[in-house]
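Good morning, and thank you for making time for this item. I would ask you to look at the sequence and the structure first, and then I shall take you through them.

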Amino acid sequence: MVAIPQSLANELIDTAEVMADAAGQAILPYFRQPGLAADNKAAFAPGAFDPVTAADRAAEQAMRDVLSRRRPDDAVLGEEFGARGGDSGLTWVLDPIDGTRGFLSGTPTWGVLIAVRDATGPIYGMIDQPYTRERFRGGLGIADFAGPHGGGALGTRRTAALADAILFTTFPEVGTEDERAGFLRVAERVRLVRYGMDCYAYALVAAGQIDLVIEAGLHAYDILAPIAVIEAAGGIVTDWQGRPAHEGGRVIAAANPAVHAAALDLLGGRG
């Protein structure tokens, strides 16, 4: 990562705060409202359901409007409206509602993902949950969280043995048959496995509550903000071969090197 002047870092951090506030204001009027409609972005695939709602689109547009005012020379990549070019060397990567299935179901485990990256990867990220009013931030010298019950520094767990670890993933199916098999090899060795937390699981890694998140089939907008937050908190995020996971795909987020290495071995990443 190229060194970022403090004045620019402050501007990026402040811009992300304004974006998250705008996204939350756009989303909350829709949450837990009866009759909320969803379009299926995977309608071409029989049996698949990849929902998008008016809340997703409104939140991304609200964040893009902030960037147009405050950072018009930056590029943007968003889940709902795609890519916009820029010439500053920085790109904002946005997922307005990570966990739209959960959003539709009324669970509070979805979140707004905001990341800013340079040519080397994410330099700052935020996982924001507007309904519970929790905000997790990482990068540019920051690793903290805030919420209605307090806040403070982020820091990952020091769990040494995989047998003591807590593992999360969003979908029990995980991905392909081979990916599912890899996940199960890890799941059989840990203390506890839970499902369905979307981006909130990554926040829990950074907050020192759990040890591992293992997923597959991700996009850059799903993972860049969690990477920044978890790495700032002392954790590790890679693909299943231990390489950078900036473009998504198969991802493992770990609290520390010990559980990361143990899980990678079982996933087959050392082969």
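Let me begin with Arg133, which is exposed, with a relative accessible area of 59%. Please keep in mind that the model is a predicted one. Arg133 sits in the loop that joins strand 7, residues 121–129, to strand 8. Its phi is positive, about 60°, although the residue is not a glycine. That deserves a remark, because most residues other than glycine have a negative phi. Arg32 has a phi near 60° as well, again a positive value in a residue other than glycine. Arg32 belongs to the loop between helix 1, residues 6–27, and strand 1, residues 39–40. With a relative accessible area of 45%, Arg32 is partly exposed.

I turn now to the overall arrangement. The protein chain is divided into domain 1, residues 6–147, and domain 2, residues 162–268. Taken over C-alpha atoms, the centres of domain 1 and domain 2 are 21 Å apart. As for the contact between them, 31 residues of domain 1 meet 22 residues of domain 2.

Strand 13 provides the largest share, with 4 residues. By class, the lining of the largest pocket has 9 nonpolar, 9 polar and 10 charged residues.

This brings me to the annotation. An unreviewed UniProt entry lists Glu79, Asp95, Ile97, Asp98 and Asp222 under "binding site". These positions are spread over 144 residues of sequence, yet they cluster in space, the largest C-alpha distance being 9.7 Å. Glu79, Asp95, Ile97, Asp98 and Asp222 from this set are also found in the lining of the largest pocket.

Asp95 is located in strand 5, residues 91–98. Is Asp95 buried or exposed? Its relative accessible area is 1%, so Asp95 is buried, the limit being under 20%. Leaving out residues up to four places away in sequence, Asp95 touches Glu79, Gly111, Val112, Leu113, Tyr221 and Asp222. Asp98 is likewise a residue of strand 5. Asp98 counts as buried at 9% relative accessibility. With residues up to four places away in sequence again set aside, Asp98 touches Trp110, Gly111, Leu113, Asp198, Cys199 and Asp222.

Cys199 leads us to helix 5, where it is one of the buried residues. How many of the 8 residues of helix 5 are buried? The count is 8 of the 8, so helix 5 is largely enclosed by the rest of the structure. Besides Cys199, the buried residues of helix 5 are Tyr200, Ala201, Tyr202, Ala203, Leu204, Val205 and Ala206. Just after helix 5 comes Gly208, which takes a positive phi of about 80°.

I shall finish with two further buried positions. Thr169 has its place in strand 11, residues 166–169. Thr169 is buried, with a relative accessible area of 3%. Not counting residues up to four places away in sequence, Thr169 touches Val174, Phe183, Arg194, Tyr195, Gly196, Met197, Ile214 and Glu215.

Gly139 is part of strand 8, residues 134–139. Gly139 counts as buried, at 12% relative accessibility. Leaving aside its neighbours within four places in sequence, Gly139 is in contact with Ile123, Tyr124, Ala228 and Ala232. Between the C-alpha atoms of Gly139 and Ala255 there are 16 Å, and these two residues are 116 residues apart along the chain.

Thank you for your attention.

Terms used. Residues are numbered from 1 along each chain as its sequence is written. This is a predicted model: local features need pLDDT of at least 70, side-chain atom pairs count only at pLDDT 80 or more; totals for chains, interfaces and linings use all residues. Side-chain values use heavy atoms; hydrogens and water are left out. UniProt positions are given in the numbering used here, feature names are shortened, and annotations may be inferred rather than shown by experiment. On a 1 Å grid over the protein atoms alone, a cavity is a set of points where a 1.4 Å probe fits but cannot get out, and a pocket is an open set with protein on both sides within 12 Å along at least five of seven lines; lining residues have an atom within 4 Å of a point. Helices (H or I, at least four residues) and strands (E, at least two) are DSSP runs, numbered from the N terminus. Buried means under 20% relative accessible area, exposed over 50%, partly exposed in between (1.4 Å probe, protein chains only). Contact means heavy atoms within 4.5 Å. Ala, Val, Leu, Ile, Met, Phe, Trp, Tyr, Cys and Pro count as nonpolar, Asp, Glu, Lys and Arg as charged, and the others, Gly among them, as polar. Domain bounds come from an automatic or database domain assignment.
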